[in-house]
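Here is a short briefing on one protein model. Please keep the sequence and the 3D view open while reading.

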Amino acid sequence: VGRMHCLREGWNDALVSFMQSGGFSPSEKVSQINVPSLVLWGRQDGILDGTEFANKFIETLPDGRLEWIEECGHVPHLEQPEVTARVILEFLQSDKFEGVVKNEEGVSGYVLGAAGLVGAAALAEISTLLLN
């Protein structure tokens, strides 16, 4: 599942271009994110080494928190949707968002942004957790 994007047309050309560019590094804009941010990383990610790359985000984000998803590769929202949803929900209900308007389930409006990042599988799990 985590490598499906590798089968898409143009992937090989994009990979070569990526490697020639010097590889992955967070955008300079990451340091300008001024809201609490959650970085999820699969502990067994074989595409981007979390020990190196996840920490780049945490070092760059002014208010970032790293959560490892165990028994998980590159796509936590597909490989561990329940765990991913629970971690996101706990983050959104944390004291990081005190003073933010929340709905009756105690979730701030940031859930929409998070849902856009993690995908429909995790959003479905978040919804299930909220309704139970």
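The protein has 132 residues, and 31% of them are buried. It holds 6 helices and 2 strands. Mean pLDDT is 75.

**Confidence**

- A pLDDT of at least 70 is reached by 66% of the residues.
- Over residues 108-123, pLDDT stays under 50. The model still has 25 contacts for this stretch beyond four places in sequence.
- Where pLDDT is low, predicted coordinates should not be read in detail.

**Overall layout**

- Read from the N terminus, the order of elements is α-β-α-β-α-α-α-α.
- Among contacts with a separation of 6 or more, 64% join residues 24 or more positions apart.
- The accessible surface is about 8,400 Å². Carbon and sulfur atoms account for 53% of that surface.

**Helix H2 and its packing**

- Which residues of H2 are buried? They are Gly 50, Phe 53, Ala 54 and Phe 57.
- Viewed down the helix axis, these buried residues fall within an arc of 95°, so they line one face of H2.
- That buried set packs against S1 and S2.
- Thr 51 and Glu 59 are exposed, on the face of H2 turned away from the buried side.

**The aromatic pair**

- The structure holds 1 aromatic pair. Its partners are Trp 41 and Phe 57.
- The pair is tilted, with 50° between the planes and 6.4 Å from centre to centre.
- The pair links distant parts of the chain, with its partners 16 residues apart. Trp 41 sits in strand S1, residues 37-42, and Phe 57 in helix H2, residues 50-60.
- Is Trp 41 buried or exposed? Trp 41 has a relative accessibility of 8%, so it counts as buried.
- Phe 57 is also listed among the buried residues of H2.

**Helix H4**

- Helix H4 covers residues 81-92, which makes 12 residues.
- From first C-alpha to last, H4 reaches 16 Å, close to the 16 Å expected at 1.5 Å a residue.
- The buried residues of H4 are Pro 81, Thr 84, Ala 85, Val 87, Ile 88, Leu 89, Phe 91 and Leu 92.

**Arg 65 in strand S2**

- Arg 65 lies in strand S2.
- Its relative accessible area is 27%, so Arg 65 is partly exposed.
- What does Arg 65 touch beyond four places in sequence? Its partners are Ser 37, Leu 38, Val 39, Ile 58 and Phe 91.
- Arg 65 and Leu 38 are 27 residues apart along the chain. Their C-alpha atoms are separated by 5.0 Å.

**The loop between S1 and H2**

- Asp 49 lies in this loop. Asp 49 is partly exposed, with a relative accessible area of 41%.
- Beyond four places in sequence, Asp 49 touches Trp 41 and Ala 54. Trp 41 is a member of the aromatic pair, and Ala 54 is a buried residue of H2.
- Gly 46 lies in the loop too. Gly 46 is exposed, with a relative accessible area of 70%.
- How many residues separate Gly 46 and Gly 73 in sequence? They are 27 residues apart, with 6.3 Å between their C-alpha atoms.
- Asp 49 and Gly 73 are 24 residues apart in sequence and 10.0 Å apart in space, C-alpha to C-alpha.

**Glu 71, a backbone point to check**

- Glu 71 sits in the loop between S2 and helix H3, residues 76-79.
- Its phi is positive, about 50°, although Glu 71 is not a glycine.
- Most residues other than glycine have a negative phi.
- Is Glu 71 buried or exposed? Its relative accessibility is 67%, so Glu 71 counts as exposed.

Conventions. Residues are numbered from 1 along each chain as its sequence is written. This is a predicted model: local features need pLDDT of at least 70, side-chain atom pairs count only at pLDDT 80 or more; totals for chains, interfaces and linings use all residues. Side-chain values use heavy atoms; hydrogens and water are left out. pLDDT is the predictor's confidence in each residue, from 0 to 100. Contact means heavy atoms within 4.5 Å. Helices (H or I, at least four residues) and strands (E, at least two) are DSSP runs, numbered from the N terminus. Buried means under 20% relative accessible area, exposed over 50%, partly exposed in between (1.4 Å probe, protein chains only). The expected span of a helix is 1.5 Å times one less than its number of residues. Rings of Phe, Tyr and Trp (its six-membered ring) pair if their centres lie within 6.5 Å; planes under 30 degrees apart count as stacked, over 60 as edge-to-face and the rest as tilted. The arc is that of the directions from the helix axis to the C-beta atoms. Accessible areas come from the Shrake-Rupley method with a 1.4 Å probe; for residues, only the protein chains shown count as cover.
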